[in-house]
Amino acid sequence: VPALATEPRFAQRLREYLEEEQLLDGRYRLQEVPGGRVALPVLEEKLDWLRLPQEMPCGLTRIQVGRDPPSSALPWGVGVSAPRATSLPQNPVPSRATRRRTPAQKLQDELRRLLGENWSEELERDVPRAWQRHGDLVLLGEDSFRAAQWEKLGPVLWETVASALGAQRLARRGRVLPDGIRSPSVTLLLGQDSWVEHVDNGIRYTFDVTKCMFSPGNITEKLRVAALPCSGEVLVDLYAGIGYFTLPYLVHAAAAFAHACEWNGHAVEALRRNLALNGVQDRCRVHHGDSRQVSSADRPRSLRPHAASPSPPLSFQLELRDVADRVNLGLIPSSEEGWPVACRVLKKSTGGVLHIHHNVETLPSPAPTQTPVLRAERGSPGGASLSDGEVRHATRDSGKETQGARIRPGWQRWAEATAARIRGLLSELHGQPWRTSIQHIEAVKSYAPHVHHLVLDLECRPALP
């Protein structure tokens with residue numbers, strides 16, 4: 001590998017120059033050479049373009065790999081005086097960047113060898129650069145290996161991919177099915193068993209990758225839930241899935257008991273397994289059914305259909321009432337259909353906290369101004385209370401608290417409207433005033449352009465007479 005050796009005091013300036021001219025070979029690190037000098041690897045194919053300022057004296061050398069031609073054989077362009085050659089150091093050290101991209105690069109190298117002269121830029125664009133790993137199964141993205149050329153390779157393709165990625169099984173995602181329960185469309189490419197195990201924050205999850213979703217993008221919210229002070233509390237998780245949030249509440253947040261509600265039979269099977277895997281099955285009751293549905297008698301008047309409405313009354317399925325200190329509503333794009341049920345399961349005498357998930361759209365505004373939010377401890381008389389009893393709190397975006405305690409105005413408006421709606425549902429349900437206070441707004445992730453997955457922590461208490 002050709003390199004330019006210079007005195008340590010010139011090394012940084014020489015590196016900046018080579019980077020600017022795109023001559024530095026980023027595959028290898030800077031190395032010391034005999035004589036106390038520093039060698040900077042350069043791209044051999046660009047040596048003809050090398051022009052060095054006189055104030056940066058340097059010598060030409062090679063970091064030897066196998067049988068390289070001697071330094072005197074290096075080509076130099078017309079008008080460029082070759083720097084004097086130095087002795088040859090051995091074994092170039094790969095750069096950190098090269099070592100970090102090893103898995104994707106290894107996959108591409110193995111596929112290049114497999115295809116030989118049939119390799120093309122089109123196929124290179126079709127090779128994935130990211131994937132999900134669940135134990136010994138790698139889940140590829142839906143756009144991976146879609147070109148017709150791949151199909152001609154047959155099983156050897158998937159065996160090569162699995163070997164390069166250190167996997168025993170392979171699967172590929174399709175589009176999420178519009179069936180109301182977000183069923184995945186996943187094809188098993190290599191292997192027979194589609195059940196996998198995933199460890200997240202010390203919690204073991206097992207599920208059938210072809211039947212259930214697992215969202216690694218929600219990790220910040222799962223970590224936040226795990227740190228909530230839930231000792232002695234009863235949780236109702238209205239959309240439990242395979243236990244994404246139920247388990248952090250039980251395992252880390254020390255909730256005393258949980259009611260986990262889920263309508264997808266495949267997820268219920270995984271949920272039961274996961275409760276047992278983590279040793280908390282005795283502290284959770286699983287309710288299999290559509291928790292959003294309530295009887296017409298339990299439905300607040302504001303949500304009941306008008307007499308002329310052809311909609312049939314909904315059937316009651318969740319036999320819970322007046323049990324929860326905390327309710328998790330982890331359904332997106334909206335959990336609004338579950339709000340009446342959440343109000344009903346909250347403890348009537350003391351209330352509790354609702355964690356309301358929602359995809360909130362905020363269109364870009366011409367002015368970058370944002371609404372200031374004043375910090376206030378819960379119940380603090382100095383808090384910035386609104387007329388309806390809400391207290392504004394700071395938000396955190398992508399797991400990092402926003403500097404200056406500012407949130408987007410659209411998020412605040414959504415939180416305030418939601419707090420008012422919940423307060424009305426609770427007051428109508430119990431026939432007495434309730435108060436609601438915004439404890440926190442969490443930005444989990446960007447879901448789409450101008451759409452954010454938010455979680456509102458809403459404290460709900462019966463108003464004192």
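**A helix, the chain and a hairpin**

In this predicted model, helix α1 covers residues 8-20, and its 13 residues reach 19 Å from the first C-alpha to the last, which is close to the 18 Å expected at 1.5 Å a residue. Which residues of α1 are buried? They are F10, A11, L14, Y17 and L18. An α-helix has 3.6 residues a turn, so residues three or four places apart point the same way. Just after the helix, Q22 takes a positive phi of about 60 degrees.

Turning to the chain as a whole, there are 11 helices and 21 strands, and 48% of the 465 residues count as buried, that is, under 20% relative accessible area. Among the contacts in the chain with a separation of 6 or more, 67% are accounted for by residues 24 or more positions apart. The accessible surface of the chain comes to about 23,600 Å², and carbon and sulfur atoms hold 50% of that surface.

Strand β9 (residues 195-200) pairs with strand β10 (residues 203-208) in the antiparallel sense, over 6 bridges. D200 stands opposite I203 in β10, and 2 residues lie between the two strands of this hairpin. In the turn, N201 has a positive phi of about 55 degrees.

Methods:
Residues numbered from 1 in each chain as written. Predicted model: local features only at pLDDT ≥ 70, side-chain atom pairs only at ≥ 80, totals over all residues. Heavy atoms only, no water. Helix = DSSP H or I, 4+ residues; strand = E, 2+ residues; numbered from the N terminus. Expected span 1.5 Å × (residues − 1). Buried < 20%, exposed > 50% of the residue type's maximum accessible area, 1.4 Å probe, protein only. Contact = heavy atoms within 4.5 Å. Areas by Shrake-Rupley, 256 points an atom, 1.4 Å probe, with all protein chains shown as cover. Pairing = 2+ DSSP bridges.
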